[in-house]
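Hi there,

Here is the structure I promised to pass on. Have a look at it first, and my notes follow below.

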Amino acid sequence: TQCLLKLPNQYDPLKSYPLLIGLHGNGGNAADFIKLSKGFSKRDFIYACPEGPYQYRNRKGRFVGAYSWLLHVRDRSVWEKGDPLIEIYILNLIKDIKQRYRISKTYLFGFSAGASTACVVGIKHWKQIDGVICVAGILPIYQNYSVFTEGHIRRGNRLPVLMIYGRSDLLVSLKRGQQI
């Protein structure tokens, strides 16, 4: 998997910068998500976009150059093994970037499935993350099983989390967003 990185407009290697890790949605990729940096009028932070490690396949089962943070299988025992690896992947990425650059704070930013992943990683590892921005994502609490539980939410309740939902979202309604 790849990770694309955008440095601040006036990057100074002697200065510390906030790190924003951008997690694309289900069926997205790092190349498309890094393009969001063009919309930041003043980018005084390091923006990193890793690619989800799981290939996303279309309905015919063909790989379409897109990736996911989620394993698309019904067997929950596979989730129990795979989901913690995503956490390790993101935490290792943060550690690697901190070894190469001066980082003042670390934030996770995710869209859709990337937002769910950002919530899980941020809240479970709240001592290592300074804030989370979630756009159109859900908290992945499943019936009878989850890598993310109410206990994680209680322990990580000090972490600032901004959750954003749109009125016209077809997958996560505004009402569902307000419940989350």
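Histidine 125 sits in the loop between α3 and β7. Neighbours within four places in sequence aside, histidine 125 is in contact (heavy atoms within 4.5 Å) with Glu87 and Leu91.

Before going further, please keep in mind that this is a predicted model: local features need pLDDT of at least 70, side-chain atom pairs count only at pLDDT 80 or more, and totals for chains, interfaces and linings use all residues. Residues are numbered from 1 along each chain as its sequence is written, and side-chain values use heavy atoms, with hydrogens and water left out.

Now the sheet. Six strands form an open sheet in the order β1-β3-β2-β6-β7-β8, with mixed pairing. β1 (3-6) and β8 are at the edges with a single partner strand each, so one side of each has no neighbour in the sheet. From one strand to the next, the twist averages 15 degrees. Helices (H or I, at least four residues) and strands (E, at least two) are DSSP runs, numbered from the N terminus, and two strands pair if DSSP finds at least two bridges between them.

Some of the pairings, if you want to trace them:

- β2 and β6 run parallel, joined by 6 bridges; glycine 22 is opposite phenylalanine 109 in β6.
- β6 pairs with β7 in the parallel sense over 5 bridges, and glycine 110 is opposite cysteine 134 in β7.
- β7 and β8 are also paired in the parallel sense, over 4 bridges; valine 135 has isoleucine 164 in β8 as its bridge partner.

Across β2, β6, β7 and β8 lies helix α3, running at about 140 degrees to β6. (Axes are lines fitted to C-alpha atoms, for helices over the stretch in contact, and angles run from 0 to 180 degrees between N-to-C directions.) α3 covers residues 113-124. How many of its 12 residues are buried? The count is 11, where buried means under 20% relative accessible area, exposed over 50% and partly exposed in between (1.4 Å probe, protein chains only). Among the elements covering them are α2 (76-100), α4 (150-155) and β8 (161-164).

The largest nonpolar core has 30 residues, and Leu19, Ile21, Ile90, Ile94, Ile97, Leu108 and Val132 have the most contacts inside it. Such a core is a set of buried Ala, Val, Leu, Ile, Met, Phe, Trp, Tyr and Cys residues joined through side-chain atoms within 4.5 Å. β2, β3 (46-50), α2, β6, α3 and β7 are the elements that give two or more residues to this core. A second, separate core of 8 residues includes Ala30, Phe33, Tyr47 and Cys49.

Last, a residue at the surface: glutamine 10, in the loop between β1 and β2, counts as exposed because its relative accessibility is 69%.

Best wishes

Terms used
The expected span of a helix is 1.5 Å times one less than its number of residues.
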